[in-house]
Amino acid sequence: MRQRFGIGYDSHVFVDGRPLVLGGLKIDHPMGLQGHSDGDAVAHAVIDALLGAAAMGDIGRHFPDDDERWKDADSMKLLSEVRRRVIAASYTVVNVDVTVITEAPKLAPFIDAMRENVSQALGLPISAVSIKAKTNEKMDSVGQGQGLQVLAIASLGGA
Ligand code: MG
């Protein structure tokens, strides 16, 4: 089996008046993430990692943000759809690893629920989905709490 890797990155700005959704989980927090969809930066970074590993473009190509169909979209549904497209192109999803960089909220209590959601969307055992969280040590805009960043890598087999 040939193995392929892809990286994904996403960042969103924190704004008042939106729910915070990460890894398909609604997290109690005074601010949420700005975005055309639900702003789920974990889902978006994993989508780009999967598409990158398959050399199938990026999230913007598959789900244009000027398309009303994706307004306030549930990003976990987009993630499932990307899994479907990647499998249709003869790949299998092997594992994903994610790092969320944010000063707040502390994500440790939510990590396993996010892993469960992502593993279900990808049809993977939870042991194939890693999610980690760090702060930016108060440096720069993320460290000042203006937004958060997510890094992801995905491994595919086949083709
Ligand atoms: Mg995004």
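**Reading side chains, salt bridges and a metal site**

Me: Is Arg85 buried, exposed or partly exposed?

Reply: Arg85 is partly exposed, with a relative accessible area of 25%. Buried means under 20%, exposed over 50%, and partly exposed in between (1.4 Å probe, protein chains only). This is a predicted model, where local features need pLDDT of at least 70, side-chain atom pairs count only at pLDDT 80 or more, and totals for chains, interfaces and linings use all residues. Residues are numbered from 1 along each chain as its sequence is written, and side-chain values use heavy atoms, leaving out hydrogens and water.

Me: Which side chain meets Arg85 in a salt bridge?

Reply: A salt bridge puts a side-chain nitrogen of Lys or Arg within 4 Å of a carboxyl oxygen of Asp or Glu. Here Glu81 pairs with Arg85 (2.7 Å, N to O), and both lie in helix H3, four residues apart, about one turn of the helix. Helices (H or I, at least four residues) and strands (E, at least two) are DSSP runs, numbered from the N terminus. Glu81 also bridges to Arg84 at 2.7 Å.

Me: Where do Lys132 and Asp97 lie?

Reply: These two side chains form a salt bridge too, at 2.7 Å. Lys132 is in strand S6 and Asp97 in strand S5, so the pair ties together parts 35 residues apart in sequence.

Me: Which residues are the protein donors of the magnesium ion?

Reply: Donors are N, O and S atoms within 2.8 Å of the metal (3.2 Å for Na, K and Ca); water is not among the atoms, so sites may look incomplete. In this model they come from Asp10 (OD), His12 (NE2) and His44 (ND1), 2.1 to 2.2 Å from the ion. His12 lies in strand S1 and His44 in helix H1, so this pair links parts 32 residues apart in sequence. Both histidines, His12 and His44, are buried.
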